[in-house]
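Me: Hi! I'm new to this one and would like to walk through it with you. Here it is:
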Amino acid sequence: VVLSASILHAIALWASAGVFVIAKRLRLWEAYKLPRNAKHLSEEHPSNVALNDAALREAILGTFVVVPIVVACLSPLLAASGMPVCTPLPPLRHWAADLALSIVG
């Protein structure tokens with residue numbers, strides 16, 4: 001349970017962040033960026049570099065330490081309350097419809 005939840009969390013987190021990293025490296029959205037004329041808004045400004053480094057460390061800590069601990073603590077409680085834990089997925093049309101409805105709103 002812990003391993004599968006941690007892997008799914010890591011895939012979702014890093015894939016969603018990866019889209020933006022790839023878009024930035026390929027300069028896909030350059031025309032839509034707001035101008036950063038002030039010196040303190042520059043990506044190379046020391047405070048922004050430190051902030052990005054801290055965010056990366058936090059993401060790594062959350063992915064590999066916090067999520068496994070939380071899942072290890074919560075999965076027995078969820079199972080004891082009658083919630084299915086690590087059961088087979090429903091048919092594709094069911095969860096695809098749920099996903100579509102959550103996007104549409």
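This is a predicted model: local features need pLDDT of at least 70, side-chain atom pairs count only at pLDDT 80 or more; totals for chains, interfaces and linings use all residues.
Me: OK, new topic. How many helices and strands does the chain have?
Reply: There are three helices and zero strands. The radius of gyration is 19 Å, well over the 13 Å that the globule rule gives for 105 residues, so the chain is more spread out than a compact globule.
Me: What share of the residues in the chain is buried?
Reply: Buried residues account for 10% of the 105.
Me: How many of the 13 residues of α3 are buried?
Reply: Zero, so α3 lies largely in the open. Just after α3 comes Gly-105, with a positive phi of about 105 degrees.
Me: What about the span of α3?
Reply: Helix α3 covers residues 92-104, and at 1.5 Å a residue it should span 18 Å. Its end C-alpha atoms are 18 Å apart, which agrees.
Me: Last one: where is Ala-54 found?
Reply: Ala-54 is in helix α2, residues 46-80. With 31% relative accessibility, Ala-54 counts as partly exposed.

Notes:
Residues are numbered from 1 along each chain as its sequence is written. Side-chain values use heavy atoms; hydrogens and water are left out. Helices (H or I, at least four residues) and strands (E, at least two) are DSSP runs, numbered from the N terminus. Buried means under 20% relative accessible area, exposed over 50%, partly exposed in between (1.4 Å probe, protein chains only). The expected span of a helix is 1.5 Å times one less than its number of residues. The radius of gyration is taken over C-alpha atoms; the globule rule is 2.2 Å times the number of residues to the power 0.38.
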